[in-house]
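Thanks for coming. I have one structure to show today, and I will go through it piece by piece.

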Amino acid sequence: MAESLSLPLIDLSSSDRISTATCIRQACMDYGFFYLINHGLDDQLLENVFDESKKFFSLPLEEKMKLALKGDLGFSPLYAENLDPSTTRKGDSKESFHIGRLEDNEGHINQWPSEDLLPSWRFVMEKYYKQVLSTGKKLSSLIALALNLDEDFFEKEGGGLNRPLGVLRLLHYPGDMGVSDEIVYGASAHSDYGMITLLATDGVPGLQASNISFGSTLHLVCREKLKQPRIWEDVNHVKGAFIVNLGDMMERWSNCLFRSTLHRVMPTGKERYSIALFLDPNEDYIVECLPSCYSESCPPRFPPIRSGDYIRDRIAAAYSAS
Ligand SMILES: O=C(O)CCC(=O)C(=O)O
Ligand SMILES: [Fe+2]
């Protein structure tokens, strides 16, 4: 059985922003994962989102396929995505639904289930999307402080998050995986692509993050993502907390000071639901080494990239692999 990771708890409501930022800095350097508590999101709203999500995924496949992905928004069926083609040929055993920016100003058009079938669905999702995005932005100001930047660094005009690229992803892992001659993951090993992910889970286990052993100490994988052996530890559900993890774009942006960490979802035989918000800078934003993250002795390790191109290429790779 896997050990459980003991991750730091970050209190978003703390008035001591400097010490909160210091804790975030440590968590982002050591783990790339932490729990976010007192985030202000209404429990009832979260419950409603899980309920509506369950209603959608229990529709007949034919009905769900009417909303099949257009661009990167809409429904993605079982096995459509393979996050780690090196460990499995079969895609991941999960279905998902993706909701993007609510004001469609860049041609990314959301698809919504018909009101006859799911009358409250759109209302609940839009409400949650707005609230979780605002929580993500609040967190981003603490992350800026943690990186010794002005707290409005990401949110100010031209800062990338003033018009963020937020994608809400509803996930459903069926309990029964059927019979297969190779291991079928709920989500195979991957690190997220963007800046930060705020994940709500339903309490059913399965999520694991990867540690790697160096002699007697354990470090979560960052730049050493390809090294073996990987040691997987459970990331437990903490009631009322978001699980926050950093994506590869944040790792590049911070010149590897902050780490994105490999994680996966293992099958447990139990049905599982989760809801992730992927928060990224707007498509045109150029992600290049942050001013506080390089020096003469530590020059930028990565060339600048356009946020939209980077995310698009990573999504395309995961969908073409299964
Ligand atoms: O469902 C989960 O717990 C994790 C989902 C995830 O890692 C992802 O969608 O990137
Ligand atoms: Fe992930």
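A word on terms before the helices: the axes I refer to are lines fitted to C-alpha atoms, for helices over the stretch in contact, and angles run from 0 to 180 degrees between N-to-C directions. Also, keep in mind that this is a predicted model.

So, the helices. Helix α1 covers residues 17-30 and helix α4 covers residues 121-146; their axes come within 8 Å and cross at roughly 80°. On the α1 side, the contact is made by Arg17, Thr20, Ala21, Ile24 and Arg25. On the α4 side, Leu139, Ser141, Leu142, Ile143, Leu145 and Ala146 take part. By class, the residues of this contact are seven nonpolar, two polar and two charged.

Next, strand β13, residues 272-280. Eight of its nine residues are buried, so β13 is largely enclosed by the rest of the structure. What does β13 pair with? One partner is strand β5, residues 165-173, antiparallel over nine bridges. In that pairing, Tyr173 is opposite Arg272 of β13. Strand β7, residues 196-201, also runs antiparallel to β13, and six bridges join them. There, Ile196 has Leu279 of β13 as its bridge partner.

Last, the metal. Which protein atoms are donors to the iron ion, ligand 2? They are NE2 of His190, OD of Asp192 and NE2 of His263, lying 2.1 Å from the ion. Along the chain, the donors follow the spacing H-x1-D-x70-H. Both His190 and Asp192 are buried.

How values were computed
Residues are numbered from 1 along each chain as its sequence is written. Chains are lettered from A and ligands numbered from 1 in the order in which they are written. This is a predicted model: local features need pLDDT of at least 70, side-chain atom pairs count only at pLDDT 80 or more; totals for chains, interfaces and linings use all residues. Side-chain values use heavy atoms; hydrogens and water are left out. Helices (H or I, at least four residues) and strands (E, at least two) are DSSP runs, numbered from the N terminus. Contact means heavy atoms within 4.5 Å. Ala, Val, Leu, Ile, Met, Phe, Trp, Tyr, Cys and Pro count as nonpolar, Asp, Glu, Lys and Arg as charged, and the others, Gly among them, as polar. Buried means under 20% relative accessible area, exposed over 50%, partly exposed in between (1.4 Å probe, protein chains only). Two strands pair if DSSP finds at least two bridges between them. Donors are N, O and S atoms within 2.8 Å of the metal (3.2 Å for Na, K and Ca); water is not among the atoms, so sites may look incomplete.
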